[in-house]
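Dear colleague,

I am handing over the structure we spoke about, and you will find it just below. My notes on what was found in it follow.

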Amino acid sequence: MRRRVGLLLLAIGLVGCDTVVPGSEPVLVVEAFLQTDAPPPTIRLRQTGPLAGPYDPNGAQAVTDATVTLFLDTLIVPYRADPAAPGYYRPERSDLLLPPEATFTLEITWRGRLILARDALPPPIRIDSVQVSFPDAPVPAVLLDSLVLNDSLAIGARQGYLYPVEVTLWWRSPDDPDSTYWVRPHLQPAVPFSSVVVDLFLRTEQVLLELQSPTDGNGRRRWTGVYAVPVDSARAPLPAHTLRVALLRSGRAYARFAATREFPERREPVSNVDGGLGIVAGIALDSLRLTINP
């Protein structure tokens with residue numbers, strides 16, 4: 001329970017006051033994640049629509065008439081709209097790898113408006129090691145099916161059993177006592193049962209300042225998360241499954257976005273796009289795919 005309170009306080013601390021009030025004019029929504037040591041990414045542009053209007057998931061909100069340019073320190077990378085994928089813009093240069101700690105500005109011109117977003121690329125990050133542990137037998141639990149959950153917690157609840165699987169991962173942080181980077185460890189098990197309600201009482205991901213994560217005797221950073229695998233009976237073994245472990249480093253812009261994108265009091269996550277919505281962030285990422293086979 002204490003873990004949930006801590007995460008809630010973090011989210012409140014990160015929330016800004018830049019929620020956009022819906023108006024008659026469409027607003028550009030930008031989605032761009034620039035990854036350290038990777039080529040310039042594909043960028044997606046969409047526009048908001050009226051609240052009462054129909055939503056077309058097949059691309060009616062795509063923006064195809066914008067001019068997009070990435071300024072990376074002294075380099076300029078123009079973008080072109082992809083006619084085969086409305087709303088997506090590809091870089092004209094793919095031979096370039098984005099260097100760590102470089103600053104960048106994404107400039108977009110659309111319908112006479114200038115939209116800007118700025119950030120920096122963090123140092124690369126690498127998962128040093130991972131440890132997975134689980135009990136010899138499942139533990140009793142009350143399982144809630146989020147598909148039928150409503151105002152009454154009694155609806156959709158049943159007695160069952162689950163294995164709490166604890167995962168600890170280690171990595172090294174930049175050698176800077178004043179570092180302001182954030183990290184987002186994330187566990188994504190591939191199990192047939194998935195419940196958002198169950199996940200609320202566990203910890204499959206977290207957004208935190210990197211310097212706030214504990215260190216071991218070798219100077220490595222450490223984070224521990226927990227996910228659950230439900231089983232049919234008290235004697236059932238833990239099913240074999242795969243687990244994706246991801247670790248992301250970023251600056252404050254991505255941390256604010258990630259911490260608020262599912263915040264129930266907001267219409268949209270915190271944006272760093274001046275003149276629009278969305279996220280344009282520099283990130284560093286490492287991930288592993290493990291097979292959990294007791």
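Threonine 224 lies in strand β13, which covers residues 221–231; here helices (H or I, at least four residues) and strands (E, at least two) are DSSP runs, numbered from the N terminus. This is a predicted model, in which local features need pLDDT of at least 70 and side-chain atom pairs count only at pLDDT 80 or more, while totals for chains, interfaces and linings use all residues. Residues are numbered from 1 along each chain as its sequence is written, and side-chain values use heavy atoms, with hydrogens and water left out.

With a relative accessible area of 18%, threonine 224 is buried, where buried means under 20% relative accessible area, exposed means over 50% and partly exposed lies in between (1.4 Å probe, protein chains only). Its side chain makes a polar contact of 2.8 Å with the side chain of threonine 168; a polar contact is a pair of N or O atoms within 3.5 Å, of which, within protein, one must be able to donate a hydrogen and the other to accept it, and residues adjacent in sequence count only if both atoms are side-chain atoms. Once neighbours within four places in sequence are set aside, threonine 224 is in contact (heavy atoms within 4.5 Å) with Glu166, Val167, Thr168 and Arg203.

**Aromatic pairs**

A search of the whole structure finds 3 aromatic pairs, counted when the ring centres of Phe, Tyr and Trp (its six-membered ring) lie within 6.5 Å, with planes under 30 degrees apart taken as stacked, over 60 as edge-to-face and the rest as tilted. In one of them, phenylalanine 33 and tyrosine 254, the ring centres are 6.0 Å apart and the planes stand at 75 degrees, so the pair is edge-to-face. This pair links distant parts of the chain, since phenylalanine 33 is in strand β1 and tyrosine 254 is in helix α3 (residues 252–260), 221 residues apart. Phenylalanine 33 counts as partly exposed at 28% relative accessibility, whereas tyrosine 254 is buried at 5%.

Tyrosine 254 also forms a tilted pair with phenylalanine 257, at 6.3 Å centre to centre and 45 degrees between the planes. These two residues are separated by about one helical turn, because they are 3 residues apart in helix α3. Phenylalanine 257 is buried too, with a relative accessible area of 12%, and Phe33, Tyr254 and Phe257 form one aromatic cluster.

**Backbone points to check**

Aspartate 37, although not a glycine, has a positive phi of about 65 degrees; it sits in the loop between β1 (28–35) and β2 (43–47) and is partly exposed, with a relative accessible area of 43%. Arginine 111, likewise not a glycine, has a positive phi of about 50 degrees and is placed in the loop between β6 (103–110) and β7 (113–120).

**The whole chain and its confidence**

The protein has 3 helices and 16 strands, and buried residues make up 43% of its 294 residues. Of the contacts with a separation of 6 or more, 70% are between residues 24 or more positions apart.

The pLDDT, which is the predictor's confidence in each residue from 0 to 100, averages 84, and 78% of the residues score at least 70. Confidence is lowest in helix α1 (residues 2–14), with a mean of 35, and highest in β6, at 98. Over residues 1–19 the pLDDT is below 50, and this stretch has 30 contacts in the model beyond near neighbours in sequence.

With best wishes
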